[in-house]
Amino acid sequence: MKHPRVRELVLLAGVCGVYAIGLLQLGTPAAVGFLGFTAVFAVLHIGVRALAPRADPLLLPVVGLLVAVGLLELSAIDIAQEAEGVRGWQPLARLQAAWLGVGAVAFLATLYAFRNGLGRAWRVRYTLALLGIAALLAPLLPGIGHTVNGARLWLRFGPLSFQPAEIAKVLLVLFLAAYLSERRELLGQRTKRLFGPVYVIDPRYLAPLVGLVGLALLIFVQQNDLGSSLLFFATFMGILWVATGRLFYPVTGLLLFAAGVYISLKTFSHVAVRFDTWLDPYADPDRAGFQLLQGQFAMAEGGIGGVGLVGEGAQPNLIPFAWTDFILAAIGHTFGLAGLLAVVMGFVVLLTRTFHIALRSGSDLHALAASGFGIVTAVQAGIIAGGVTWILPLTGVTLPFISYGGSSLVSNFVMLGCLVAISNSETTTVAPQRVEELVV
């Protein structure tokens with residue numbers, strides 16, 4: 001079982017087995033759900049076997065496990081909502097399964113486009129930046145832009161809605177990786193004389209990055225989406241640190257972040273409410289603090305092994321927005337601490353393999369792109385986990401591959417396609433100095 005595709009196939013078979021057991025417990029149409037899930041990942045496996053035969057064998061199975069957990073939890077939420085007779089409720093698990101099919105197509109298209117590496121992304125790097133900014137601006141357009149829960153993040157075309165910021169983050173990470181692979185040495189050295197013996201980094205090389213990031217953050221603020229602004233800013237500073245190895249950038253980023261938090265607290269009332277709720281949710285337990293407290297109670301009730309997908313006590317619908325930003329609390333209620341740890345370890349394995357790909361890459365572009373995708377996933381998962389467990393204020397971002405949301409699922413599969421393409425195009429070993437250079 002040394003061949004990577006054989007290992008991938010065996011692990012995917014195990015994931016399909018776990019999903020089948022969950023469907024049998026739910027009592028939903030197990031055959032249809034199992035065959036659909038299995039068919040999607042079988043096609044993905046065949047696609048990887050044809051287009052990226054040397055790719056990392058753990059990426060696809062780990063993602064499959066996370067997707068399976070999300071689908072099972074969404075199915076449990078659907079059953080609870082139907083039992084309560086909620087009017088107008090749409091079956092989220094079925095919709096998510098449809099988006100999984102779209103994500104699979106996006107994955108295969110990405111893998112085909114970058115089957116020989118990300119060289120195409122480098123050649124059109126400025127076009128990627130323009131497309132990313134255009135995607136961020138699109139929800140602000142009248143007629144197609146749509147506001148949900150106070151944030152103008154959505155495009156609506158009839159019954160379909162889409163959040164273009166999810167695709168924008170992929171485009172902007174690719175741009176940052178392409179730009180920094182070209183300018184990383186210049187951004188890591190002080191070449192501009194300020195006065196006397198004092199030298200600073202030449203602002204000509206920082207200006208495009210600062211301008212792009214500043215514009216993106218202003219758009220996020222205008223859209224009332226401070227969670228995405230935090231995610232993008234942290235990703236930018238992380239990639240810049242990986243590219244240059246200079247501690248100056250993350251330290252400066254932390255100072256700017258602290259200033260941004262202070263300004264946001266003074267400027268945006270909803271930010272102040274979320275911050276106050278984080279400090280003391282019991283001050284308003286029936287309104288502002290209700291979601292956080294319900295999540296805490298649900299995880300406490302789940303205990304070690306959880307209350308189960310169905311049966312007495314299985315009521316994930318009692319957690320507000322359990323299908324999006326609080327799905328981790330719902331998993332803690334359903335599967336208990338054991339389930340939460342399994343999900344956390346799934347992300348740990350995914351991130352470990354992602355950064356392993358970055359470290360073993362012989363190309364700066366590939367190393368920075370893989371690092372960027374790893375940072376995006378880590379920060380997004382960390383933010384949502386911190387919010388659910390009362391460590392950080394709530395931001396409203398989704399948990400990658402698990403939370404309900406078509407735009408999020410599709411964009412994450414595009415990132416996965418890039419990672420698989422990178423891992424396939426790189427050799428298995430690199431010079432030791434290359435690894436030291438990347439981890440400085």
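User: How many cavities of 30 Å³ or more does the structure hold?
Analyst: The model discussed here is predicted. Within this model, the largest cavity has about 90 Å³ of space, and the second largest cavity has a volume of about 40 Å³. The number of cavities of 30 Å³ or more is two.

User: Which helix gives the most residues to the lining of the largest cavity?
Analyst: The lining of the largest cavity includes L350, F373, N412 and M415. At least two lining residues come from each of α13 (327-360), α14 (364-388) and α15 (406-425). With four residues, the helix that gives the most is α15.

User: How many charged residues does the lining of the second largest cavity have?
Analyst: The second largest cavity is lined by D325, F326, I383, I384, G387, L394, T395 and G396. Four of these residues are nonpolar and three are polar. Asp belongs to the charged class, and D325 is in the lining. The number of charged residues is one.

User: Why are α3 and α4 described as roughly antiparallel?
Analyst: The axes of α3 (residues 59-84) and α4 (residues 92-113) come within 7 Å of each other. An angle over 145 degrees counts as roughly antiparallel. The two axes cross at roughly 150 degrees, and therefore the relation of α3 to α4 is roughly antiparallel.

User: Which class has seven residues in the contact of α3 with α4?
Analyst: From α3, the residues in the contact are V67, L71, L74, S75 and D78, while α4 brings L92, A93, Q96, A97 and L100. Two residues of this contact are polar and one is charged. The class with seven residues is nonpolar.

User: Are α1 and α3 roughly parallel or roughly antiparallel?
Analyst: The axes of α1 (residues 4-26) and α3 come within 9 Å and cross at roughly 10 degrees. Angles under 35 degrees count as roughly parallel. The relation of α1 to α3 is therefore roughly parallel.

User: How many nonpolar residues are in the contact of α1 with α3?
Analyst: In α1, the residues that meet α3 include L11, L12, V15 and V18. Their partners in α3 include L60, P61, L65 and A68. The contact has three polar residues and one charged residue, and the number of nonpolar residues is 15.

User: At roughly what angle do the axes of α10 and α11 cross?
Analyst: The axes of α10 (residues 248-267) and α11 (residues 269-279) come within 5 Å. Angles from 65 to 115 degrees count as roughly perpendicular. The crossing of these two axes is at roughly 110 degrees, which means that α10 is roughly perpendicular to α11. S264, L265 and T267 of α10 touch S269, V271, A272 and F275 of α11 across a crossing angle of roughly 110 degrees.

How values were computed: Residues numbered from 1 in each chain as written. Predicted model: local features only at pLDDT ≥ 70, side-chain atom pairs only at ≥ 80, totals over all residues. Heavy atoms only, no water. Axes fitted to C-alpha atoms, helices over the stretch in contact; angles between N-to-C directions. Contact = heavy atoms within 4.5 Å. 1 Å grid on protein atoms, 1.4 Å probe; cavity = no way out; pocket = protein on both sides within 12 Å on 5 of 7 lines; lining within 4 Å. Points joined across faces, edges and corners; volume = space filled by probe spheres on them.
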